[in-house]
Structures are given as C-alpha cells and as structure tokens.
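Thank you all for coming, and please have the sequence and the model open while I talk.

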Amino acid sequence: MDTMTPSATSARRSLDEDLNRAGFYPLLVADVVHDALDERTPLSHLVHLETHFDRNEVHRHITVLVLTEDMLVVTHVDDQQLDEAGQQVMAQISTESVPVSQISSVVLSYVYVQPQDYQPSDLARELTLSIAWSGGQRVDMGPAGCADPQCDADHGYTGTIVQDDIVIRVSAEADGPQAVQNAKAFARALRKVNTAPPYPSRSADMPASRQRLGGRLARNHHQR
C-alpha cells in the first residue's frame, strides 16, 4: 500500500476539493471514493457532475474517475426523491476498480468552432472521453435509406458498433473551459499509465534458488 507522502496528501486534498466544489453529497462521495482506492495514491482524477430536468423534478448524478499507478477507480452516484416534497432522498452508489492493464482503448473526441480561424491558444468547445476495458460492444441501429428522396423501399437497417464502458462529455458552455482542460489532462495521464511498460514481477528480482523453493512450496500446498 502507498504511504502518505506529501505528494500523496496533496493529491488526496485536490480530489476532496473538487468533490466539495461539485457540491453533490461531498462527504459521502469522498468516503466512498477513498474506500474504493484501498489507500492507493491518486495520480489524476476527473469529477463530472450532470443535472437533468424532468418536468418538476431535478435529477443529478456524479461520476468520479480516479487514476492510480495500477488501477482506474470509477464511482457513480445518483440520487432519487422518494416523495413529492423531496424530503426523502435516496443515493445509489456504484464503484468499479479496473486494472490499468485491462484498459483497451482511450478515445478523445473534440469539437472546435470556426476551425478555419484556429489558433494554437484556442480551446475545444467540447470534449468526449470514452474508455473501454471489458470488451463489451454497443450497437446503435437505425433504418437504412438511400439518396433518392422519392424512394420508399425497405433498405433494412444500418448501424455502428461502439466499444466503450464509460463515456463522459464535457462542454465549455455547460461545465466551463477549465473542466474541458481537466478532462484532457486526465485522459493524458491515463494514456501515459496505460501505455507504460509493465512493472517487473517480484520473482524477477528473486534468486533462482528462492524461486524454485517458492514453486515447490506452492505446489505442495496446492496438493493438500
């Protein structure tokens, strides 16, 4: 487990500050996230709060991504009103710990306005981060058509296959320009860890005699 070095303390404090800034049950979310980290030190994190309006109800949910040297911890929290007055509220929380070695794809999609006038200092209007690790695929289907507007023949269906486990869309207009930059920085950190050489196994530094002894002991224990 990681020790609480000054850098680790600073990283945890930065994470807590962003959770407090989001204002979505910050103490509860922080406790759940830190518990899921199992004392690992965050290298980078991304906090994304979304609000949806459904008639007279307001629905919010937060997604927190925390990257460590060997793990991506994904926490998602929804709340739900149990009565019309909103006095009774329930929070639903899920966490998933994904080994970095299992992440198969990190995709960033950008939206820029007036690209003909682009300057290196211009920021993206939107950024979508897609991360895949389970190998699952989503199929988006729809009726197929043709270029003839008068054609009413049945052309079957067409679709696209999308592989992703989590998708986060950040907009400068809705979330602020800094949120877009934070998402970009998190994706950069995730790519760096995901493409880094694997850590050498402990057995690689162990004398051959100890490796053989350990192997015999393991086999004997297994046979009992």
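Predicted model: local features only at pLDDT ≥ 70, side-chain atom pairs only at ≥ 80, totals over all residues.

Residues are numbered from 1 along each chain as its sequence is written, and side-chain values use heavy atoms, with hydrogens and water left out.

The protein has five helices and nine strands, where helices (H or I, at least four residues) and strands (E, at least two) are DSSP runs numbered from the N terminus. Read from the N terminus, the order of the elements is α-α-β-β-β-β-β-β-β-β-β-α-α-α. Of the 224 residues in the protein, 28% are buried; here buried means under 20% relative accessible area, exposed means over 50%, and partly exposed is in between, with a 1.4 Å probe and protein chains only.

Let us look at helix H1, residues 6–22. Which residues of H1 are buried? They are Ala8, Ala11, Arg12, Leu15, Leu19 and Ala22. Seen down the axis of H1, these buried residues fall within an arc of 95°, so they line one face of the helix; the arc is that of the directions from the helix axis to the C-beta atoms.

The buried residues of H2 are Val29, Ala30, Val32, Val33, Ala36 and Leu37. Down the axis of H2, they fall within an arc of 165°, so they too line one face of the helix, whereas Leu27, Asp31 and Asp35 are exposed on the other side.

As background, most residues other than glycine have a negative phi. Gln114, in the loop between S5 and S6, likewise has a positive phi of about 50° without being a glycine. Gln114 is partly exposed because its relative accessible area is 48%.

Now to the salt bridges, of which the structure holds four; a salt bridge is a side-chain nitrogen of Lys or Arg within 4 Å of a carboxyl oxygen of Asp or Glu. Arg40 meets Asp38 in one of them, at 3.9 Å from N to O, and Arg40 also meets Asp70, at 3.0 Å from N to O. Arg40 lies in the loop between H2 and S1 and Asp70 in the loop between strands S2 (57–67) and S3 (71–81), so this pair ties together parts that are 30 residues apart in sequence. Another salt bridge joins Arg169 and Glu126, with the closest N and O atoms 2.7 Å apart. That pair links distant parts of the chain, since Arg169 is in strand S9 (residues 166–171) and Glu126 is in strand S6, 43 residues apart. Through shared partners, salt bridges join Asp38, Arg40 and Asp70 into one network.

Where is His45? His45 sits in strand S1, residues 44–54, and counts as buried because its relative accessibility is 15%. The side chains of His45 and Asp18 are joined by a polar contact of 2.7 Å, which is a pair of N or O atoms within 3.5 Å; within protein, one must be able to donate a hydrogen and the other to accept it, and residues adjacent in sequence count only if both atoms are side-chain atoms.

Finally, on the surface, Tyr110, Tyr112 and Tyr118 form a nonpolar patch, with about 290 Å² of accessible area together. Patches are made of residues with over 30% relative accessible area and no salt bridge, with like charges joined within 9 Å and nonpolar side chains (Val, Leu, Ile, Met, Phe, Trp, Tyr) within 5 Å, and the areas come from the Shrake-Rupley method with a 1.4 Å probe, where for residues only the protein chains shown count as cover. Tyr112 is in the loop between strands S5 (105–111) and S6 (126–132), and Tyr112 counts as partly exposed because its relative accessibility is 32%.
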